[in-house]
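I opened this model to see what could be looked up in it. My entries follow in the order in which I made them.

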Amino acid sequence: MNLHTQTAREIAQSVHKQAVSCREVVEAALRHITNENNELNAAITICEAEALQAAASLDQVVVAGRSPGVLAGVPIVVKDNLCTKNIQTTAGSQ
């Protein structure tokens, strides 16, 4: 899946219609981070296990026919100067 050519709405609609799973979207996003981060140095803390676990939970909701939420399945990045529960926050400093 090429996330770079899709809008958040398109990704969410694909997940809701089960054209793609949340796990597939997350795996694609993680691959992109892995491939590009050496050059961009944009990602400090990557919560791979947590993202995959959340994707699995959302996939179960979708398969059960329930609404997972409007933006379910859309990957996000949170700037490292925002405090997040149980995730290291460095603001880019040592």
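**Pocket lining**

I began with the largest pocket and sorted its lining by class: 26 residues are nonpolar, eight are polar and five are charged. For these classes, Ala, Val, Leu, Ile, Met, Phe, Trp, Tyr, Cys and Pro count as nonpolar, Asp, Glu, Lys and Arg as charged, and the others, Gly among them, as polar. A pocket here is an open set of points on a 1 Å grid over the protein atoms alone, where a 1.4 Å probe fits, with protein on both sides within 12 Å along at least five of seven lines; lining residues have an atom within 4 Å of a point.

I noted that this is a predicted model, in which local features need pLDDT of at least 70 and side-chain atom pairs count only at pLDDT 80 or more, while totals for chains, interfaces and linings use all residues. Residues are numbered from 1 along each chain as its sequence is written, and side-chain values use heavy atoms, with hydrogens and water left out.

I then looked up the volume of the largest pocket, which is about 1200 Å³. The volume is the space filled by probe spheres set on the grid points, which are joined across faces, edges and corners. The lining of the largest pocket has 39 residues, and those nearest its centre are Ile33, Pro75, Ile76, Val77 and Val78. Helix H2 (22-40) and helix H3 (48-63) are the elements that give two or more residues to this lining. H2 gives the largest share, 10 residues.

**Overall layout**

I counted the secondary structure next: the protein has three helices and zero strands. Helices (H or I, at least four residues) and strands (E, at least two) are DSSP runs, numbered from the N terminus. The order of the elements from the N terminus is α-α-α. Along the principal axes, the C-alpha atoms fill a box of roughly 45 × 30 × 20 Å.

I found that 24% of the 94 residues count as buried. Buried means under 20% relative accessible area, exposed over 50%, and partly exposed in between (1.4 Å probe, protein chains only). I also checked contacts (heavy atoms within 4.5 Å). Among contacts between residues at least 6 apart in sequence, 61% join residues at least 24 apart.

**H2 against H3**

How do the axes of H2 and H3 cross? They come within 8 Å and cross at roughly 160°. That makes H2 roughly antiparallel to H3. Axes are lines fitted to C-alpha atoms, for helices over the stretch in contact, and angles run from 0 to 180 degrees between N-to-C directions. Angles over 145 degrees count as roughly antiparallel, under 35 as roughly parallel, 65 to 115 as roughly perpendicular and the rest as oblique.

I listed the residues that make the contact: Cys22, Arg23, Val26, Glu27 and Leu30 of H2, with Glu48, Ala51, Leu52, Ala55, Leu58 and Asp59 of H3. By class, the contact of H2 with H3 has seven nonpolar, no polar and four charged residues.

I followed Asp59, which sits in helix H3. Is Asp59 buried or exposed? Asp59 counts as buried because its relative accessible area is 17%. Leaving out residues up to four places away in sequence, Asp59 touches Ser21, Cys22 and Arg23. Asp59 and Val20 are 39 residues apart in sequence, and their C-alpha atoms are 9.6 Å apart in space.

I looked at Ser14 in helix H1 (residues 8-16). Ser14 is buried, since its relative accessibility is 18%. With residues up to four places away in sequence not counted, Ser14 touches Ala19 and Val20.

**Two loop residues**

I checked phi in the loops. Gln18, in the loop between H1 and H2, has a positive phi near 60° and is not glycine. At 47% relative accessibility, Gln18 is partly exposed. Asn41, in the loop between H2 and H3, has a positive phi of about 50° and is not a glycine either. Asn41 is exposed, at 63% relative accessibility.

**After H3**

I ended in the segment after H3, where I found Ile76. Ile76 is exposed, at 69% relative accessible area. Ile76 and Val26 are 50 residues apart in sequence and 9.8 Å apart in space, C-alpha to C-alpha. Leu82 is also in the segment after H3, and is partly exposed at 48% relative accessibility.
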